[in-house]
Amino acid sequence: MMLSYYFKIATRSLRKQKMYTAIKVGGFAIGVAACTLIALFIHHELNYDNFYKNGDQLYRVIGVNRDGALEGRGVDFPAPFAPALKELLPEIETIGRINPNTLFTGGGNSIRRADEVENHYEEGFTFADPEMLELLEIPMVYGNRNSALSQPNSIVISKKISDKYFPGANPVGKTLIFNNDTQNPNQIGGVIEDFPGNSHLNFDFLISQKGLEFYPGEQTNWGASNYHTYLSLRAGTDVKAFEGKMLDAVFDKYLKDYFKKEGMGEATIAKVRSSIALELQPISQIHLHSAGIENGSSNGDLRMVWLFGTIAICIFLLACINFINLSTARSMERAKEVGVRKAVGSLRIQLVTQFLAESVLLSLGAFVLGLVLAHICLPFFNDMAAKSLTMPWMAWWFLPIFVLAAIVVGLLAGLYPALYMCAFQPIRVLKGNLNRSKKNTSLRSALVVFQFATSAALVIGSIVVLRQMNFISNARLGYEKDQVLLLQGTQTLGDKISTFKQELSHVSGVKSVSSSDFLPIVGSGSKRNGNTFRDAKKSSTSDEIGMQMWDIDHSYISTLGMKIVDGRDFSQDMASDSQAVIINQTMAKSLHFDHPVGQRISNNYQSFTVIGVVEDFHFESLKENIGSLCLRLGNSPGITALKINTADMPKTIEAVTKVWKKISPGQAIRYTFLDEGFAKMYDDVQRQGRIFTSFAVFAILIACLGLFALATYMAEQRTKEIGIRKVLGASVAGITALLAKDFLKLVGIAIVLASPVAYYFTDQWLADFAYRIQLDWWIFALAGIGALSIAFLTVSFQSVKAALANPVKSLKSE
């Protein structure tokens, strides 16, 4: 009965103060919505690859290479590495490999059913050992796990692909053709369930590696690393001891003999042995703990998870602070109520309970509204974060946690206002002599400083991310990314590719045409080919440097607007160019060539003559330094690039499409632009910027509500002072400035406190970029001016209202 009474009184009180109730609930709801969205994101990130039954025994092998203070980590191993581990180490229960390398048609390909003629582009291809199905416990929809990949040229597809190409049917035994290669059809051996959205593996096509060699001797070659190795250990295996045993076994039996055949001496082999190591990475840690590991895919960032979690806590604290400030700001209107209730015998505990009931009621309402807002905003958040999050309405834990959190937050947020208002002395309150001292001003001021410091830090972070993206967009790349049209999947033209390029060169608006799968962007079908070369005058493989070797055609450099700084470009009139290369400036420096043109480079398989040096250009993300690069003439026709020199792009694309349909009738044309591929490389940075900006807006909105609360409170405290000043001739502008001055000081303090914190974290974020902006002073000044302006506008509303009030009303009791 008493509880019902408390809630009835609370409801009545909230109805009397509709505007302030709306502000309280609204601020709380925004905080709840923001926290809910971030909590869903964090939960999703922390639960990657947690669905395997044997997950605690499942690992990915990591290779470590140390060179002095430098340390490199990667997941690519030679083809015989995994079979050697299985042969030598009985602790391994199951081991398997995947090869998603785009160099061997991993990634994306054109695909069609054998009984159809039109190709469709699909991504998510990888080559896989048959053991991978067992190792990863992948559920089968059709087919047998033990035999699905047991035959050469067999393939397993995901349920999504099966439903798309074979709707309502069992496709096992059916045939698929990739890239119009009718000589090597792939027979479907099984259909697997789609990989969950929180799996670091997201393949739709698993092509069997049974009996497959990409070139003669590839499966026994220890000199080429293209395979990712996964394994499960037998129960009770000491992982740390096994890591050391793993390298010892493989090195002693295989690698030592391989290095001897490559011409290495005993001292060099010993040096190599001391500089490498093998580690096991639990599969559940791959997504968030792969920073610094070269694995050919984008993973999550544990630092961002912690950062977003911190932002969520701060935003929620801002909402709680708002509740406290708004409650105490309106406390004078409740003072006589408290005095009367105390005078008629109400106990302190009863008053505290009543105010806490009011707080819990507000909290429940705010949580309900916050969840509704989160549900409405979730599609937009998914778009920003590139996720597919859903509200866990049906989860057994959701409602209990929701209700418990609302009650706990309501009690904690309402405790201070309740104790504060219950401390009023009834005699002084009823006489109108309520103490207006500044006893609690310090606390409220500190809360506002915290609110605006948090907001300012988020604003600074948003500005830095946007500035870095602007820097990336306008950086001098060493090639021309604009007005370059990329035709995808042109390898399906086969021997018609030369005719296709020739006809394209006659299209109005097309300046030049080049075919190469190797482009200075990551993704979008662009390939990579890591290799090692040395100065041909040196004989030891220890003198080789790591570099990229790209196959291009004669018009590649001119089409992409690159610059030859020494020597010449490839020429169709020079037959010897088939044994020639063009290297970049970084490679020339790495090989210590003062005059590179005419020098010869080699490894144990091939030798080339350097005919030119191309100016360094960025062929990876700006997060990385420019590496060594070697260009040679070769056949790599998967992507055809067209340099366009007309403003009428639609007309040019229409003309190009006509040529495509003429050469490849019945096949849909697929194209992108080079600048779009470049921008896509930084999707993660853009997402971070959008998320930062969105939550910065949330934080500022909540902080402004808190500032409005404090302005209201201070105006009430100084009502008679304002009246006296007006009687004595003070202007509205003067009174407004008087009231606003103290608040602007608080915001100024907040900016001073926020700046070093924001500087530290943004500098840490920028450290991931080899090419980055400098944190100029004006970034912090701009954020400060913005925060001060917003604060002034917020305070001015209440200040002007107080300054315009009739002084007679405030002084009539004197």
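Visitor: In which strand does glutamine 548 lie?

Guide: Glutamine 548 sits in strand 18, residues 545–552. Before we zoom in, note that this is a predicted model, where local features need pLDDT of at least 70 and side-chain atom pairs count only at pLDDT 80 or more, while totals for chains, interfaces and linings use all residues. Residues are numbered from 1 along each chain as its sequence is written, and side-chain values use heavy atoms, with hydrogens and water left out. Strands (E, at least two residues) and helices (H or I, at least four) are DSSP runs, numbered from the N terminus.

Glutamine 548 has a relative accessibility of 14%, so it counts as buried; that word means under 20% relative accessible area, with exposed over 50% and partly exposed in between, for a 1.4 Å probe and protein chains only. Its side chain reaches the backbone nitrogen of asparagine 529 at 2.8 Å. The side chain of glutamine 548 also makes a polar contact of 3.1 Å with the side chain of tryptophan 550. (A polar contact is an N or O pair within 3.5 Å; within protein, one atom must be able to donate a hydrogen and the other to accept it, and residues adjacent in sequence count only if both atoms are side-chain atoms.) Skip the residues up to four places away in sequence, and glutamine 548 touches Arg528, Asn529, Gly530, Phe619, Ser628, Leu629 and Cys630, contact being heavy atoms within 4.5 Å.

Follow that tryptophan and you land in the largest nonpolar core: of its 94 residues, Trp550 and Phe28 touch the most other members. Helix 2 (residues 18–46) gives this core its largest share, twelve residues. Such a core is a set of buried Ala, Val, Leu, Ile, Met, Phe, Trp, Tyr and Cys residues joined through side-chain atoms within 4.5 Å. Beyond its neighbours within four places in sequence, phenylalanine 28 is in contact with Phe316, Ala319, Cys320, Phe323, Ala366, Val409 and Ala413. There's a second, separate core of 27 residues too, with Leu231, Phe242, Met246 and Ile269 among them.

Next stop, threonine 559, found in helix 15 (residues 556–559). Threonine 559 is buried, at a relative accessible area of 1%. Its side chain and that of serine 512 are joined by a polar contact of 3.0 Å. Past the neighbours within four places in sequence, the contacts of threonine 559 are Ser512, Val513, Ser514, Ala641 and Lys643.

Now for another strand. Six of the seven residues of strand 10 (residues 186–192) are buried, so the rest of the structure largely encloses it. Strands pair if DSSP finds at least two bridges between them. Strand 8 (residues 154–158) pairs with strand 10 in the parallel sense over five bridges, and serine 154 has glutamine 187 as its bridge partner there. Strand 9 (residues 175–178) runs antiparallel to strand 10, joined by two bridges, with threonine 175 partnering glutamine 187. Strand 7 (residues 140–142) is likewise joined to strand 10 by two bridges, antiparallel, and tyrosine 142 stands opposite valine 191.

With a relative accessible area of 23%, leucine 302 is partly exposed. Apart from neighbours within four places in sequence, leucine 302 is in contact with Leu288 and His289.
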